[in-house]
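Me: Got a model here that I'd like to go through. Can we start with the charged pairs, then look at the packing?
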Amino acid sequence: MGIGYGTADEQLEKQIGCVKYTLFCFNIIAWMISTALFALTVWLRAEPGFNDWLRILEAQSFYIGVYVLIAISIIMMAVSFLGCLSALMENTLALFVFIGTQIFGFIATVIGSAILLQYSTINSSLQPLLNVSLRRFVSTSEYTYSNYVLTMIQENIGCCGASGPWDYLDLRQPLPSSCRDTVSGNAFFSGCVDELTWFFEGKTAWIVGLAMIMAMLSVICGVMSFVLVQAVKKEEEQASNYRR
């Protein structure tokens, strides 16, 4: 009986060690991902040219999801250290707290990503905002500021009007040279609403991808923490039975 118990005890100890150090490594990876997410979201928020475009187009709602992901990335960086410590100490209370933070982190990350996508993809809430702003600029394109904004966007993105060159015809405005390809001389067929949206999608693709990886790691770390809690409890029960 003594030999059997010793063998089972050693196996359980090895299993706990395996789960503990695997969880520790996953938390290090989670810290790296959350740090990268923080850096990318702060860079996107602070990029001067991009910020100016959103301000001019009155589409700064785009930043709501960015703010959420900045906050959650900071929280998850701190939580990763908690996960490392609770795993190494094998403290069940700390592990339960860590599991709770992983559930919160998963939910918050998914919500932040969804909000960001809601303001940066085709058929999203961003497009009506861009459409209103661009049509207003087209309708007042005879004024210097409106002409400057349209020229900046249309020449850089390669687009014309809000939904196409016919916007100028509908609003009784002359078609500007910035709407034409400098090589062929033909008017750009694509509207600036779709082109700008695709441009914003390219900016947010990496951020949402990292956020989804971080959410997946939250699930993995939460499950492994629960497994470690159960293993630690089993070890404590065996030790208690052995003392009896």
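Me: What do the side chains of lysine 203 and glutamate 47 do?
Reply: They meet in a salt bridge, 3.0 Å from N to O. This is a predicted model, by the way.

Me: Where do lysine 203 and glutamate 47 lie?
Reply: Lysine 203 is in helix H8, and glutamate 47 is in the loop between H1 and H2, so the pair ties together parts 156 residues apart in sequence.

Me: Lysine 203 and glutamate 47: buried or exposed?
Reply: Lysine 203 is buried, and so is glutamate 47.

Me: How many salt bridges in the whole structure?
Reply: The search finds 4. One of them joins aspartate 167 and arginine 135, at 3.2 Å from N to O. That pair links distant parts of the chain: aspartate 167 in helix H7, arginine 135 in helix H5, 32 residues apart.

Me: Why does aspartate 167 count as buried?
Reply: Because its relative accessibility is 2%, and buried means under 20%. Arginine 135 is partly exposed, at 29%.

Me: Which side chain does aspartate 52 meet in a salt bridge?
Reply: Arginine 55, at 3.6 Å from N to O. Both lie in helix H2, 3 residues apart, about one turn of the helix.

Me: Switching to packing. How many residues are in the largest nonpolar core?
Reply: It has 60. Phe62, Leu134, Ile153 and Leu196 have the most contacts inside it. H8 gives the most to this core, with 16 residues.

Me: What is leucine 196 in contact with, leaving aside neighbours within four places in sequence?
Reply: Trp53, Leu57, Leu130, Leu134, Ile153 and Ile157.

Key: Residues numbered from 1 in each chain as written. Predicted model: local features only at pLDDT ≥ 70, side-chain atom pairs only at ≥ 80, totals over all residues. Heavy atoms only, no water. Core = buried A, V, L, I, M, F, W, Y, C linked by side-chain atoms within 4.5 Å. Buried < 20%, exposed > 50% of the residue type's maximum accessible area, 1.4 Å probe, protein only. Helix = DSSP H or I, 4+ residues; strand = E, 2+ residues; numbered from the N terminus. Contact = heavy atoms within 4.5 Å.
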